[in-house]
Amino acid sequence: MSRLQFPSSFIWGTATASFQIEGGRDDRGDCIWDDFCAWPGKVVNGDNGDTADDHYHLYKQDIGLIRSLGCQAYRFSISWPRILPEGAGEVNPKGLDFYDKLVDAVLQANITPFVTLYHWDLPSALQRLGGWAARDTAYRFADYCHIVSERLGDRVTHWITHNEPWVTAFLGHGSAVHAPGWADHSQALQVAHHLLLSHGLAVPILRQTSQPGTKVGITLNLSPVYAASDDELDVKAATRHDGYANRWFIDPVLLGSYPQDIWKYYDWQVPRVAPEDMDIIGTPIDFLGINNYTRAVIAHSDTGFLQARSVRPEGEYTAMDWEVYPQGLCDLLLRITHDYGNLDLYITENGCSYDDRLEADGTVHDNKRIAFLNKYLAAAHDAIQHGAPLRGYFVWSLMDNFEWAFGYTRRFGITYVDYQTQKRYLKDSGLFFRQVVTHNGLETG
Ligand code: FCB
């Protein structure tokens, strides 16, 4: 047995997102995920977010749960249509009051809130005006951030503008498997640009309306990319995939420019960019949030827009059919540190879905999740040892929830949720995570 000890200032947390847990639909405007859920065949079982985990009513209990884990931080997101039911204009006072109480309750439990402003629930009213394909939405986002930070900025010290803009752009507008369900690659690139622009517009607003020293960042979903072989064609395809999935977002935010190799490759599909945009997008941030679950293995293909295809290596897979590849997390953290310099990094999501079973005595023996977390945490530790400025880790997720197009059929929580009774049951992985947090480290071997 050996002990992997994390730095004493390391922050442990759990993560959730508004649409996935809140419910409380009567008290907010509609969002694009409400519409997507109502679109037959888009979400498994026709599930929706009307009740979800009913966190809107049970938030105090849920914060108690986070506290019982010993976590120092909690990452949650704010529902834009709960604040502004029409996306802009009239504010819903009940919405602001809810987050006000939530933040207070989190702070009272001695937990630091990490607040995400956009985790995919765009107000439907804005979608009717073009959604993220319309440049104006970026400015509406900035206005919304202003309203939220004016109310909460006296207490919130960590803001995350966006969660995974790649997913919104490409799954929402390229492959149509997420809301709003469009399939047009060039439009997805325009959407990505507007998301990035809205991020850049929001950064100074969040700083100005919050306490001095407030930290502002963005969360990107990043996967390390490996070529399927040493063949030059595969290596080039892997570089293209990395450009599409990773650099297209990291470079604008951290370097203020799009990666030129991919820009040329996209040719006529590139987004319209106003002269001032790249400076706005490249506004310095205080930290980068990284969501990582798996890796990509890429081979050349003669067809497809990237002339690349994913290869499925032999190995262990989760219920999402995502490969368990912990070394990838270490490789990714070191690569970001090496290529982009010494910026504070947080893993804002990492975790796995398995077919968990609630036993009659209220226990859930999710040993595979424990094994997953053990290995990924060891990889994160390894990256720190090799110089990655990793400051914290948020497990996805605090509790089972609405997993987007999979509805309630995929469980990611370290807490089991019985959706009939809304009872929560800490899984064995929750007990494991509590040990990790309490000891600020883990036993391996
Ligand atoms: C991420 C999302 C999060 C959750 C996990 C499994 O892409 O940010 O909401 O669905 O995947």
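1. A quick term to start: a polar contact is a pair of N or O atoms within 3.5 Å; inside the protein, one must be able to donate a hydrogen and the other to accept it, and residues adjacent in sequence count only if both atoms are side-chain atoms. Gln-20 gives an example, with a polar side-chain atom 2.8 Å from an oxygen atom of the ligand.

2. Bear in mind that this is a predicted model, where local features need pLDDT of at least 70 and side-chain atom pairs pLDDT 80 or more, while totals for chains, interfaces and linings use all residues. Numbering runs from 1 along each chain as its sequence is written, and side-chain values use heavy atoms, with hydrogens and water left out.

3. Back to the ligand: Asn-163 has a side-chain N or O atom 2.9 Å from one of the ligand's oxygen atoms. For Glu-164, the distance from a polar side-chain atom to a ligand oxygen is 2.6 Å. The protein buries 94% of the 290 Å² that the ligand exposes when taken alone (areas by the Shrake-Rupley method, 1.4 Å probe).

4. Who else is around? The residues surrounding the ligand (a heavy atom within 4 Å) include His-119, Trp-120, Tyr-293, Trp-396 and Phe-412.

5. Glu-349 is on that list too. This residue belongs to strand β11, residues 344-349 (strands are DSSP E runs of at least two residues, numbered from the N terminus). Glu-349 is buried, at 5% relative accessible area (buried means under 20%, with a 1.4 Å probe and protein chains only). Its side chain makes a 2.9 Å polar contact with that of Arg-75.

Terms used. Helix = DSSP H or I, 4+ residues; strand = E, 2+ residues; numbered from the N terminus. Buried < 20%, exposed > 50% of the residue type's maximum accessible area, 1.4 Å probe, protein only.
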